Amino acid sequence: MTSAVTTRATEIVLPGEVEPSGLQVRTRDLSAPAAGQVVLRMNATGVSFAEQQMRRGKYYRQPPFPFVPGYDVVGTVTATGPGVDTALAGRRFAAVTKTGGWASHLLVDAGDLVPVPDGLDAAAVETVVVNGITAWQMLHRMAKVRSGGTIVVLGANGGVGSTLVQLARHAGITVIGTASPRHHATVRELGAIPVDYRDPHLYDRIREFAPDGVDAVFDHVGGAGIARSWRLLRRGGTLVSYGTAATKDDTGASQLPVLKLFGRLLLWNHLPNGRSAHFYNFWAGRRRLAAFRRRLSEDLTQVLRLLADGVLVPQVAARIPLADAASALTLAESRTVIGKVVLVPGT
């Protein structure tokens, strides 16, 4: 049966363009789930680059302030709305929310839920929800790199980067990964060849490992360096851009860096050199909602299977109570950690 119980929820609110210390904690009554919805009790949620951009008002098409951030979540269903199978109650699921995940309880459309295998740690699962889907789709659906190929992953120590390295190595692909020297040992353990991202001769160093060019470059940095990523490709290679980290502190219109990037990628795709350039948009295809949800579920299920089998080693940078989200965001922005900072329920 459906539930009409009102749930008390603790939420982290982003009130405007503030420093992490400006995040607010509020408690409110969450309404009973509407038709097609469930109440999800948060077991783990994460700090991604999206939230870092959102607090600066720089995330592409972010909602107006104030709002509750939180791009994805792992949680347990505590109540179901009309039309939802009541057997979902008590079971764990993952969901990509874009916003709203930084809460003790939240309303989620049942169609967005992906089952989480028994026995997996919630924080471990959280590291591969949006990061795992992103890495899987960029590698296997967009770049389609085959076994024996070579790729470059910028930010191989990050949430998406570390997952991408592991997925590529499992597929028999050689990986060259950029990171600061303090993270080289870990990047090497993940299976990549580490290169110092601050080395003024970075791209020459990469060329030493791949003199004939690489099959794909995965670039979340953007900015002026995107052209150097493009030049690393061999004929037939693919550039996958999925962020504009280089311009996160720039002033001006938040959409301008992205639009400039789109224009450059479009131009490169018309050059007669056999290479291709793409921008990965997680939400592409959502207008065809059923197909979008099916593809997302298929891809996350593949990733969770690899996690359960031990192929993917979760990179949990830290577990921090929800109420201390300011510290979690500060840590994530420090660029000193491997993997993903995870928020967990607190007392």
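A: Let's start with the whole chain, where buried residues (under 20% relative accessible area with a 1.4 Å probe, counting protein chains only; over 50% is exposed and in between is partly exposed) make up 54% of the 347 residues. Quick heads-up: this is a predicted model, where local features need pLDDT of at least 70, side-chain atom pairs count only at pLDDT 80 or more, and totals for chains, interfaces and linings use all residues. Numbering runs from 1 along each chain as its sequence is written, and side-chain values use heavy atoms, leaving out hydrogens and water.

The chain has 10 helices and 15 strands; these are DSSP runs numbered from the N terminus, with H or I for helices of at least four residues and E for strands of at least two. Its C-alpha trace spans about 65 × 40 × 40 Å along the principal axes.

Now zoom in on α9, residues 289-308.

Which residues of α9 are buried? They are Ala291, Phe292, Leu296, Asp299, Leu300, Val303, Leu304, Leu306 and Leu307. An α-helix has 3.6 residues a turn, so residues three or four places apart point the same way.

The buried residues of α9 pack against β5 (92-96), β7 (114-115), α2 (122-126), α3 (130-143) and α4 (159-170), with contact meaning heavy atoms within 4.5 Å. After α9 comes Gly310, which has a positive phi, near 85°.

Methods: The expected span of a helix is 1.5 Å times one less than its number of residues.
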